[in-house]
Amino acid sequence: MDVREIFQRLEAKLGSVGLALAQPAAGDPSITVPAARLRDACRFLKSDPDLAFDYLRCVSGVDLKDRMESVYHLFSTQRSHGVVLKVVLDRGNPEVDSVEPVWKSANWFERESFDLLGIRYLGHSNLVRVMMPGDWVGHPLRKDYVEQEHYHGIPTTRPDPVGGEDA
Amino acid sequence: MLEPKAQPADGVLRINMGPQHPATHGVISFMVETDGEIMRKATPDVGFLHRGVEKMAEITSYPGFMPYTDRVDYLASMFANHGYAMAVERLLALEVPRKAQYLRVIADELNRIASHLVATGTMAMDLGAFTPFTHWIRERESINDFMELICGARLTYNYLRVGGVCADWPVGLTEKILLWLDHFEPIIDEFNRLITGNEIFINRLANVAVIPGAMAVDWALSGPNLRASGVPFDLRRCQPYSVYPELQFDLAVGTGSRGTVGDCYDRFWVRIVEMRESCRMLRQLLAGIPEGDFKAKVGRTIKVPAGEVYSAVESARGEIGYYLVADGTDRPVRVKIRTGSFTAVALVEPISRGLMLADLVAVIGSLDIVAPEIDR
Amino acid sequence: MSSDARVLTTRVDWLLNWGRWNSLWYLLFGTACCGIELMQTGGPRADVDRFGAVPRAVPRQSDLMIVAGAVTYKMAERVRLLYDQMPEPKYVIAMGSCANCGGLFTRSYSVVKGVDLVIPVDIYLPGCAPRPEALTDAILKIQKKIQSERWVAKRRPLLHGRA
């Protein structure tokens, strides 16, 4: 099934408020879903027998300078088709519903997105840092992230022995 | 400094396994809550090898990021290279010459064998059988020699470039690899005689940590782990890329031959079968390397037009997927790397309830999780 | 001390050192890619066991720590803990660029820029990853370092003093 058909079915189920289909010249098409309807959209995409998106391949957070996005790559092992869902979030307070009730694999993907980008997933069972130490300050993958000077006494820079700028 | 914590007085022992531990396949830590020999649960604590590869992508240019992809899974680095090169080429709409495609897949399948050698060998070693691992390390040295002849490095290859590979196929290497394949396929039988049919080995693995197919799909397992649970899903078959549509190979799917479908033995057995299938594919590939360029003409700086792409390859450990966001400059905006071990390690906690402490080692080994893939 | 006594202590020193440099037991501590080359060095081809170096899983039983791979801030405290648990006399090889100075990940936010910011290092082994022959050479250099240590006549000051 191609992305236009999937979009039409999604529109028929959710209504077209906030839904958008992007089919750029280069790269993959994607469907933007409003943050408030994300869980409904995911439940529908998983349970509909023709769509049958049972495999959540990847959840990524992206920090574009003026907004943040949470991107979901879905796949269907039975129908061998895939779709990309996107949710646009406010960069100052990025929050969206967790899709862990729909696919269990979202658990760790969302934890990573929270850890590295600071996107909060509401309703997640265990939203704590997964990669960085528990007492790390800041979200490293953000574009405006500034590294701290020391971590538990270990300096985070090292003078360059050949006299260039410090690492 | 780390302070020891007092054990709560509820009779459950809380110990941690790792991060430095011979059986955790890298620096992963498991917080184990155990009541005698039976575990309540084992929670993975990862991030000890989080090197910030995805942030480095935003700092280095497109061609400069290729060595970083090697380090994402250093046991089978060609797959990570391949996924990244495919992602950039799709956005550039670049056609890769057929010879380069062949060379890429030959290197891929050699890496698959090398990775499964380590996976099955360390699994046997973790369960106490040290000898098969030394046999496998000896065979892996031969593959390292071939990779050194191909691209100059033994471990982290940086062989692929955007548009092809970095160097032409060396003269005489085809015959060397065919000779080695003739030597290696009977060695798989020798390995099976050594350990695969061993009564103790089977008892340690059969019916342990059964992952049913539906659970595997829900938790987004991929690669041999998913196929061992009975789901015949392989990206080389279901979303073929490169020259895989032209190759004959069978999928290795778990059948529960010694226990139940989706137990640890199935995950081990699927890897042994995949090694044989890789040998078969290598023979087909080596018989027909086409003439031509080994790299498309690409400029020194690569500016990728704005767009996003998700490109995935079937690695030895599962699916390595690259979600690449580009904005027209010469550096990516975001590269997200999705690996097979990341989703597999998430399964350790639900699976480990009720298992014995010694089974945890079998579970970690059979899922073939490695720290660099989880942490990147 | 008379010259005869000095010859005797030198022979005793040599004997003690000979026992120690021919049985350098290293801690199985591979963090990243260099850990695989460490494994291959212990394998059948570049066999480091012929020098008496066998891998130990526990720091209490090892006298050589080969930090193979990048060390992150999360791991750094554990590295210090493992190092403190090793009994004296102990030696450290920083294997690979990441352990020497941060290596490929010098600009990363989560990698310690060289393991010598955490523990004292004896031998720095460059490479990415260094070949098994290079690691063998590093172990041979540690052996050479051990040859000149003195035990009986003059108490060797702790090389790895408390930071």
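Student: What share of the contacts in chain B with a separation of 6 or more comes from residues 24 or more positions apart?

Tutor: The share is 70%. Keep in mind that this is a predicted model.

Student: How do you know whether chain B agrees with a compact globule?

Tutor: Set its radius of gyration against the rule. For 376 residues a compact globule would come out near 21 Å, and chain B has 21 Å, so the two agree. Along its principal axes the C-alpha trace spans about 65 × 45 × 35 Å. The chain holds 15 helices and eight strands.

Student: What makes a residue of chain B count as buried, and what percentage do?

Tutor: The cut-off is 20 or more other C-beta atoms within 10 Å of the residue's own. In chain B, 54% of the 376 residues count as buried.

Student: How do you know what span to expect for helix α5 of chain B?

Tutor: You use 1.5 Å a residue, counting one less than the number of residues. Helix α5(B), residues 131-151, has 21 residues, and the expected value is 30 Å. From first C-alpha to last it reaches 31 Å, which is close to that.

Student: Which residues of α5(B) are buried, and what covers them?

Tutor: Among the buried ones are B:F133, B:W136, B:I137 and B:M147. Their cover includes α4 and α6 of chain B, along with α2 of chain C.

Student: How many residues does each chain bring to the contact between B and C?

Tutor: Chain B brings 28 residues and chain C brings 31. On the chain B side, α1, α2 and α5 each supply at least two residues, and α5(B) gives the most, with four.

Student: What makes a set of residues a nonpolar core, and how many residues does the largest one have?

Tutor: The members must be buried, come from a list of residue types such as Val and Met, and be joined through C-beta atoms within 7 Å. The largest such core has 209 residues, and those with the most contacts inside it are B:V88, C:V67 and C:M95. Helix α4(B) contributes its largest share, 14 residues. As for C:M95, its contacts beyond four places in sequence include C:C34, C:L38, C:V67 and C:L135.

Student: Why is strand β4 of chain A called largely enclosed?

Tutor: Eight of its nine residues are buried, so the rest of the structure largely encloses it.

Student: What makes β3(A) and β4(A) count as paired strands?

Tutor: At least two bridges are needed. Nine bridges join β3(A) to β4(A), and the two run antiparallel. A:S60 stands opposite A:V71 in β4(A), and a hairpin links the strands through two residues.

Student: How many bridges join β4(A) to β5(A)?

Tutor: Eight, again with antiparallel strands. A:Y72 stands opposite A:L85 in β5(A). Their hairpin has six residues between the strands, and A:S80 in the turn has a positive phi of about 55°.

Student: Last one: how do you know where the buried residues of α2(A) sit around its axis?

Tutor: The buried ones are A:L38, A:A41, A:C42 and A:L45. Their arc around the axis is only 95°, so they lie on the same side of α2(A). What covers them includes α1, β4, β5 and β6 of chain A.

Definitions and conventions: Residues numbered from 1 in each chain as written. Chains lettered and ligands numbered in written order. Predicted model: local features only at pLDDT ≥ 70, side-chain atom pairs only at ≥ 80, totals over all residues. Rg over C-alpha atoms; globule rule 2.2 N^0.38 Å. Buried ≥ 20, exposed ≤ 12 C-beta atoms within 10 Å, placed from the backbone. Contact = placed C-beta atoms within 7 Å. Arc of directions from axis to C-beta.
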